[in-house]
Amino acid sequence: QVQLVESGGGLVQTGGSLRLSCAASGQSFSSKAMGWFRQVPGKERECVAGITWGGDWTYYANYVEGRFTISRDNAKSTLNLQMNSLKPEDTAVYYCAAAGRGEYSPLIPTAPDDYDYWGQGTQVTVSS
């Protein structure tokens with residue numbers, strides 16, 4: 001079991017930065033791939049970034065690559081998302097999630113159905 005709590009959302013102007021954090025509790029955080037998803041009303045939840053259990057490999061959606069950076073600290077059971085050069089289209093509720101796939105997998109799933117544990121979400125609003 002993994003419990004996840006996001007923080008760090010808020011209102012920022014176009015071109016600004018935010019850093020999202022996800023605090024995890026439970027024994028299996030360090031063995032699971034993790035992801036950041038976002039969702040806007042009327043649209044499906046989409047994966048914007050993912051990271052393997054050890055942090056060796058990362059994935060980014062093409063529309064955030066070069067602007068967002070995902071990182072994790074297994075010793076502190078935290079997952080982060082540094083978001084720079086924010087655009088109005090980045091406005092969404094952002095969720096962190098822990099993959100349900102096997103422990104220590106080298107893969108980074110990107111489908112929401114591949115994640116079993118979710119935080120409550122944090123709102124990010126980018127004003128134009």
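In the predicted model, a polar contact of 2.9 Å joins the side chains of D90 and R38. A polar contact here is a pair of N or O atoms within 3.5 Å; within protein, one must be able to donate a hydrogen and the other to accept it, and residues adjacent in sequence count only if both atoms are side-chain atoms. The side chain of D90 also reaches the backbone nitrogen of K87, at 2.8 Å. D90 lies in the loop between β8 and β9. Strands (E, at least two residues) and helices (H or I, at least four) are DSSP runs, numbered from the N terminus. D90 is buried, with a relative accessible area of 1%. Buried means under 20% relative accessible area, exposed over 50%, and partly exposed in between, with a 1.4 Å probe and protein chains only. Leaving out residues up to four places away in sequence, D90 touches R38, R67, F68, S85, V124 and V126. Contact means heavy atoms within 4.5 Å.

Residues are numbered from 1 along each chain as its sequence is written, and side-chain values use heavy atoms, with hydrogens and water left out. Because the model is predicted, local features need pLDDT of at least 70 and side-chain atom pairs count only at pLDDT 80 or more, while totals for chains, interfaces and linings use all residues.

S85 is in the loop between β8 and β9. Its phi is near 50 degrees, a positive value in a residue other than glycine. At 41% relative accessibility, S85 counts as partly exposed. S77 has a positive phi as well, of about 55 degrees, although S77 is not a glycine. S77 sits in the loop between β7 and β8.

The strands come next. Four of them form an open sheet in the order β1-β3-β8-β7, with antiparallel pairing. Two strands pair if DSSP finds at least two bridges between them. β1 (3-7) and β7 are the edge strands, and each pairs on one side only. From one strand to the next, the twist averages 15 degrees. For such angles, axes are lines fitted to C-alpha atoms, for helices over the stretch in contact, and the angles run from 0 to 180 degrees between N-to-C directions. Within this sheet, β3 and β8 pair in the antiparallel sense over six bridges. R19 stands opposite Q82 in β8. In a regular strand the side chains alternate between the two faces of the sheet.

β4 has two antiparallel partners among the strands described here. β4 pairs with β5 over five bridges and with β9 over six bridges. M34 has a bridge partner in β5, I51. M34 also stands opposite A98 in β9. β4 and β5 form a hairpin with six residues between them. In the turn, G42 has a positive phi of about 85 degrees. β4 is mostly covered, as five of its six residues are buried.

The largest nonpolar core has 29 residues. A nonpolar core is a set of buried Ala, Val, Leu, Ile, Met, Phe, Trp, Tyr and Cys residues joined through side-chain atoms within 4.5 Å. The residues with the most contacts inside the largest core are L4, W36, I70, L79, L81, M83 and Y94. Two or more residues come from each of β3 (18-25), β4 (34-39), β5 (46-51), β7 (68-73), β8 (78-83), β9 (92-99) and β11 (122-127). Another core, of seven residues, lies apart from the largest one; among its residues are A33, C47, A97 and A99. L79, listed in the largest core, touches L20, S21, C22, F29, M34, G35, W36, I51, I70, S71, R72 and C96, not counting residues up to four places away in sequence.

The structure holds one disulfide. A disulfide is a covalent bond between the sulfur atoms of two cysteines. The cut-off used is a pair of cysteine sulfur atoms within 2.5 Å. C22 and C96 form this link, their sulfur atoms 2.0 Å apart. With 45 degrees about the S-S bond, the link is right-handed. C22 lies in strand β3 and C96 in strand β9, so the pair ties together parts that are 74 residues apart in sequence. Both C22 and C96 are buried. C47 is in no disulfide, and the nearest cysteine sulfur, that of C96, is 12 Å away. C47 is buried too, with a relative accessible area of 6%.
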